[in-house]
Every structure is written in structure tokens, then in C-alpha cells.
Amino acid sequence: MRARLLLPVVFVLAACERATGPTDSLTAEEASAAFAALQLVGYSTMEPAVQAGDAALRAPTVPFPTLTQADTIALSRSCPAGGRSSVVAIVATDSTQMDLDIRQRFADCAVTTDSGRTWTFDADPGLRTRMALQYAADNLSFTGSIVGAFTFALDGRSGRCTVDIDLVLVTPDTDPHIEARGTFCGRTITEAFDPGI
């Protein structure tokens with residue numbers, strides 16, 4: 001379960017204050033699709049860091065890897081269908097806690113979803129994700145948020161989306177997972193926060 005909880009790192013990520021008022025024209029279904037598309041972008045950008053984090057969390061010695069007090073990871077990757085996504089992540093961790101501050105910017109970043117529609121994202125100014133994981137006595141706690149704004153283009157339309165989301169750890173008897181709850185592109189959402197890997 002601990003390795004799986006690093007997956008929220010994939011979404012994510014970039015600058016701005018907590019934003020509320022949306023100025024976009026997406027339906028609820030399209031907002032959900034945009035959320036899923038951004039998770040694909042996040043994973044393609046953060047894949048090396050996620051893989052390293054998974055390996056570290058599987059180490060038998062401590063719950064979290066022992067790193068320096070604050071490590072900075074800067075990555076820039078091509079998006080799945082063109083353009084670029086860049087990430088700066090600050091990771092502070094010890095044997096019982098991991099704090100992440102992740103900022104992501106998009107530059108004509110395009111991704112084609114399973115439905116065959118191609119989304120293009122640009123920073124406005126981008127997304128910022130904060131997460132905190134704590135581990136003590138076999139109990140894991142998690143808090144997180146995603147805030148910011150971006151512009152989108154889809155099927156000849158374009159607009160601006162604001163994001164104000166809380167990330168919540170849901171722990172049923174089976175399949176613990178992270179949920180995103182809040183406003184995304186002008187719609188209230190409750191979505192699984194998992195890139196499906």
C-alpha cells in the first residue's frame with residue numbers, strides 16, 4: 001500500500017495561490033476527462049521519480065527513504081502527443097514523514113485520451129500540489145491539495161480552468177486509494193487520483 005500512495009506524485013504540479021472562480025466552458029463529463037488527461041501527463045513527466053520512490057518505499061529497512069532534509073527534483077519531458085511538461089518537486093523526508101511540494105507547468109502539452117480526443121494544456125500559471133505522508137506504528141496518514149490554473153484547447157474550443165482540490169486518503173477494508181475532491185474546471189468532482197499503473 002505504501003508504494004501505491006506515491007502515485008499521486010504523478011498528477012501534479014505547479015505554481016499559484018488557491019484559486020476558486022472558474023472561467024471555462026467544460027461540461028462535467030469533459031472536466032472529468034481533462035482531470036484524467038492531466039494525470040496521464042503527470043505520470044509521463046514524473047515516471048522516473050515515481051519509479052525511484054516505489055523502489056525506495058519497498059526497501060525493508062524503513063518506511064520512507066532517508067534523504068537530505070530537502071531534495072529538489074527538476075524534470076522536463078515531452079508530453080504524449082507533443083509539447084512539454086516541466087516539474088519542480090521539493091521533497092523533504094525522514095524515516096517517518098515525507099513532504100512534497102510539486103509545481104508543474106505546461107507548454108502546448110498535448111495528450112490523447114482513450115476516447116480519441118486530444119487535449120492541449122498551457123500554464124496559467126500552472127498547478128501546485130502539496131502532499132504530506134506520515135507513518136507511525138503501522139498507521140499511515142495523508143493530506144494533500146492541488147491548486148492553480150491552466151488553459152486548455154479541445155475540439156476547436158479553448159478556455160481557462162481553475163483548480164481547488166483536496167486529496168483525501170480513503171481506506172476501506174480493501175483497495176485504499178487517494179481521492180481528489182473539490183472544484184476542477186468549474187465542476188465539483190470526486191475522482192480517484194490514480195494513473196492506473
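Mentor: The account below begins with the chain as a whole, turns to the core, and ends with the disulfides.

The model is a predicted one, in which local features need pLDDT of at least 70 and side-chain atom pairs count only at pLDDT 80 or more, whereas totals for chains, interfaces and linings use all residues. Residues are numbered from 1 along each chain as its sequence is written, and side-chain values use heavy atoms, with hydrogens and water left out.

Helices (H or I, at least four residues) and strands (E, at least two) are DSSP runs, numbered from the N terminus. Along the sequence, the order of these elements is α-β-β-β-β-β-β-β-β-β. The chain has 197 residues, of which 45% count as buried. Here, buried means under 20% relative accessible area, exposed means over 50%, and partly exposed lies in between, with a 1.4 Å probe and protein chains only. The accessible surface of the chain is about 9,000 Å², and carbon and sulfur atoms account for 51% of that area. Such areas come from the Shrake-Rupley method with a 1.4 Å probe; for residues, only the protein chains shown count as cover. Of the contacts (heavy atoms within 4.5 Å) between residues at least 6 apart in sequence, 60% join residues at least 24 apart.

We now come to the core itself. A nonpolar core is a set of buried Ala, Val, Leu, Ile, Met, Phe, Trp, Tyr and Cys residues joined through side-chain atoms within 4.5 Å. In soluble globular proteins, nonpolar side chains tend to be buried together. The largest nonpolar core in this chain has 38 residues, and those with the most contacts inside it are Trp-119, Phe-121, Phe-150, Ile-165, Leu-167 and Phe-184. Two or more residues each come from α1 (28-57), β2, β3 (97-107), β4, β5 (118-136), β6 (139-154), β7 and β8. The helix α1 gives the largest share, six residues.

Apart from its neighbours within four places in sequence, Phe-184 is in contact with Ala-31, Ala-34, Phe-35, Leu-38, Phe-150, Thr-162, Val-163, Ile-165 and Ile-189. Phe-184 also belongs to one aromatic cluster, together with Phe-35, Phe-106, Trp-119, Phe-121, Phe-150, Phe-152 and Phe-193.

The structure holds eight aromatic pairs. Rings of Phe, Tyr and Trp (its six-membered ring) pair if their centres lie within 6.5 Å; planes under 30 degrees apart count as stacked, over 60 as edge-to-face and the rest as tilted. One of the pairs is that of Phe-106 and Phe-150, which is edge-to-face, with 6.4 Å from centre to centre and 80° between the planes. This pair links distant parts of the chain, since Phe-106 is in strand β3 and Phe-150 is in strand β6, 44 residues apart. Phe-106 counts as buried because its relative accessibility is 5%, and Phe-150 is buried with a relative accessible area of 0%.

Thr-113, in the loop between β4 and β5, is in contact with Ala-37 and Trp-119 when its neighbours within four places in sequence are left aside. At 14% relative accessibility, Thr-113 counts as buried. The side chains of Thr-113 and Ser-115 are joined by a polar contact of 2.9 Å. A polar contact is a pair of N or O atoms within 3.5 Å; within protein, one must be able to donate a hydrogen and the other to accept it, and residues adjacent in sequence count only if both atoms are side-chain atoms.

Finally, we consider the disulfides, each being a pair of cysteine sulfur atoms within 2.5 Å. There are two disulfides by this rule. In one, the sulfur atoms of Cys-79 and Cys-109 are 2.0 Å apart. That link is left-handed, with -105° about the S-S bond. Cys-79 lies in the loop between β1 (71-78) and β2 (84-93), and Cys-109 in strand β4 (residues 109-112), 30 residues apart. In the other, the sulfur atoms of Cys-161 and Cys-185 are 2.2 Å apart, and the link is right-handed, with 110° about the S-S bond. Cys-161 lies in strand β7 (residues 157-170) and Cys-185 in the loop between β8 (177-184) and β9 (187-192), so this pair ties together parts that are 24 residues apart in sequence. Both Cys-161 and Cys-185 are buried.
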